[in-house]
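Hello,

Here is the structure I promised to pass on. Please have a look, and then read my notes below.

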Amino acid sequence: MSDREIGKKEEERDALHPFLKAYALTTGQSPSVVYEDENPDFICARPSGEPVGIELTKITRSPANAHWERVLNGKEELDSFEAQELIHDLLSRKETDRAIRYSSRVEKCILVFQLVDGSLEQVRHALDGAGEDFTNHGFAEVWIADYWGLEAFGDIELFGLYPDEYWGLHPRANPDRKPYG
């Protein structure tokens, strides 16, 4: 494994734990990591023992676009409609990967879009009424995880895209708490 691959896996590991914590709070289920992989990123076990894959993928602008948006427009966050476009594109690509690579390893897989270039508060408006857009794939669940506020709040918020029972914003355990304490 190259240094770059090791670094990527460390980043994924660091991102997994806040997701699992928020996921347990939201769904009442606490999957545990069985082993790390690449297709999908992690194989976990639900409390029932059922295996489930977890695939993490970042939603972010290209560094050049982010730079010029910041310089020319003073814009720090990803635009909500740009985020929606990136989500649809990534969902399509990840579905292809799931069908080809993951299905032989694990029957069910959770796809987690890591929002690192903007907040759910900014992005979720573009998702209003878009529930039907996220039904044509083979993932067991699809989530957006807001890592934008992780450092400030110490946890993340989730937005469920699929299935319908999880659709919508699932705020932090204490949404009224101030950042950094």
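Let me begin with the strands: β2 (residues 42-45) runs antiparallel to β3, and four bridges link the pair. Strands here are DSSP runs (E, at least two residues), numbered from the N terminus, and two of them pair if DSSP finds at least two bridges between them. Before going on, please note that this is a predicted model, in which local features need pLDDT of at least 70 and side-chain atom pairs count only at pLDDT 80 or more, while totals for chains, interfaces and linings use all residues. Residues are numbered from 1 along each chain as its sequence is written, and side-chain values use heavy atoms, with hydrogens and water left out.

On β3 (residues 51-59), seven of the nine residues are buried (under 20% relative accessible area, 1.4 Å probe, protein chains only; exposed is over 50%, partly exposed in between). β3 also pairs with β4 (residues 109-115), this time in the parallel sense over seven bridges, with Lys58 opposite Gln114.

Further along, β5 (residues 141-146) and β6 are antiparallel over five bridges; Trp143 has Gly160 in β6 as its bridge partner. Five of the six residues of β6 are buried. A hairpin of five residues leads from β6 to β7, and two bridges join these antiparallel strands, with Leu158 partnered by His170. Glu165 sits in the loop between them and is exposed, at 62% relative accessible area.

Best wishes
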